[in-house]
Amino acid sequence: MNSGASNPSSSQRSQTPSTAAQPAAEPSIVTIEMASINDQVILQQLFEAAQLEGHTHAGDTGSDLTEIETTYLDNETNSGLWVAKHQEQIVGMIGVQLKGDDQAEVRRLRVRKDFRRKGVGTMLMEQALSHCSSRGFLKVSLDVRIERGPAISMFNKFGFSHARTRDID
């Protein structure tokens, strides 16, 4: 999926996810912030959970998450990695990786199962696309498994469109 569209967003946003299980008097806040090297173990756990759920290709090693400092956090790469936090616990992540002078790839969008379909993925996408826009990327792409209907629907809302289908062994 590709898009040249980006939506502006602050570097840290908060939103009250809608959930019937939460008492109305105490809304839960999810914040989006830049990941740190201290988040690496939790981010790898999110990735591994996605593997167990069948949301990643079997050959995807997640090697970028073992080297987040050089892959995402080095300011010279124009890449970035953000986490969604709820009560100081990481419940989601998203990365942007530089792919060329004016191209980037949105990567590693993951939301913990109990926080899905509550706006967390949207908040993470807004942050990633804001980063891409502020860096002047002309092309932003992402890969998604065809079985990920809700994710594809969200990407379409952000202006992404299906560009190609590839077979994975």
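The legends below describe close-up views of a predicted model.

Local features need pLDDT of at least 70, side-chain atom pairs count only at pLDDT 80 or more, and totals for chains, interfaces and linings use all residues. Residues are numbered from 1 along each chain as its sequence is written, and side-chain values use heavy atoms, with hydrogens and water left out.

**View 1. The largest nonpolar core.**
This core has 27 residues. A nonpolar core is a set of buried Ala, Val, Leu, Ile, Met, Phe, Trp, Tyr and Cys residues joined through side-chain atoms within 4.5 Å. Buried means under 20% relative accessible area, exposed means over 50%, and partly exposed lies in between (1.4 Å probe, protein chains only). Ile94, Val120, Leu124, Met125, Phe155 and Phe160 touch the most other members. Two or more residues each come from β3 (30-34), β4 (80-86), β5 (89-100), β6 (103-111), α4 (120-134), β7 (139-142) and α5 (149-157). These elements are DSSP runs, numbered from the N terminus: helices are H or I with at least four residues, strands are E with at least two. The largest share, seven residues, comes from α4. A second, separate core holds eleven residues, including Ile68, Tyr72, Val83 and Met93.

**View 2. Leu124 and its contacts.**
Contact here means heavy atoms within 4.5 Å. Residues up to four places away in sequence are not counted. Leu124 then touches Ile32, Trp82, Val83, Ala84, Gly92, Met93, Ile94, Leu109, Arg110 and Val111.

**View 3. Helix α4.**
How far does α4 reach from its first C-alpha to its last? Its 15 residues reach 21 Å, close to the 21 Å expected at 1.5 Å a residue. The expected span is 1.5 Å times one less than the number of residues. α4 is mostly covered, with twelve of its 15 residues buried. Among them are Val120, Gly121, Met123, Leu124 and Met125. The polar residues Glu126, Gln127, Ser130 and His131 are also on the buried list. An α-helix has 3.6 residues a turn, so residues three or four places apart point the same way. Gly136 follows α4 and has a positive phi, near 75°.

Gly80, Trp82, Ala84 and His86 point one way. Leu81, Val83 and Lys85 point the other way. Strands count as paired if DSSP finds at least two bridges between them. β3 and β4 pair in the antiparallel sense over five bridges. On this side, Glu33 stands opposite Val83. β4 and β5 also run antiparallel, joined by seven bridges. There, His86 has Gln89 of β5 as its bridge partner. Two residues lie between the strands of this hairpin, and Gln87 takes a positive phi near 50°.

**View 5**
Side chains of opposite charge can pair when their charged atoms come close. A salt bridge is a side-chain nitrogen of Lys or Arg within 4 Å of a carboxyl oxygen of Asp or Glu. By this rule the count comes to five. In one of them, Glu33 meets Lys85, with the closest N and O atoms 3.1 Å apart. Glu33 lies in β3 and Lys85 in β4, so the pair ties together parts that are 52 residues apart in sequence. Glu33 is partly exposed at 24% relative accessibility, whereas Lys85 is buried at 13%.

**View 4. Asp64, Arg108 and other charged pairs.**
Asp64 and Arg108 form a salt bridge at 2.7 Å, N to O. Asp64 sits in helix α2 (residues 63-66) and Arg108 in strand β6, 44 residues apart. Are these two residues buried or exposed? Asp64 is buried at 6% relative accessibility. Arg108 is buried too, with a relative accessible area of 6%. Asp64, Arg107 and Arg108 are linked in a network of salt bridges. Elsewhere, Asp114 pairs with Arg112, with the closest N and O atoms 2.9 Å apart. Asp114 is partly exposed at 42%, and Arg112 is partly exposed at 28%.

**View 5. Arg116 in its loop.**
Arg116 lies in the loop between β6 and α4. At 27% relative accessibility, Arg116 counts as partly exposed. Leaving aside neighbours within four places in sequence, Arg116 is in contact with Glu53, His55 and Val111. The Arg116 side chain reaches the backbone oxygen of Val111 at 2.9 Å. Arg116 and Gly92 are 24 residues apart in sequence and 9.2 Å apart in space, C-alpha to C-alpha.

Conventions. Polar contact = N/O pair within 3.5 Å; in protein donor to acceptor, adjacent residues only side chain to side chain.
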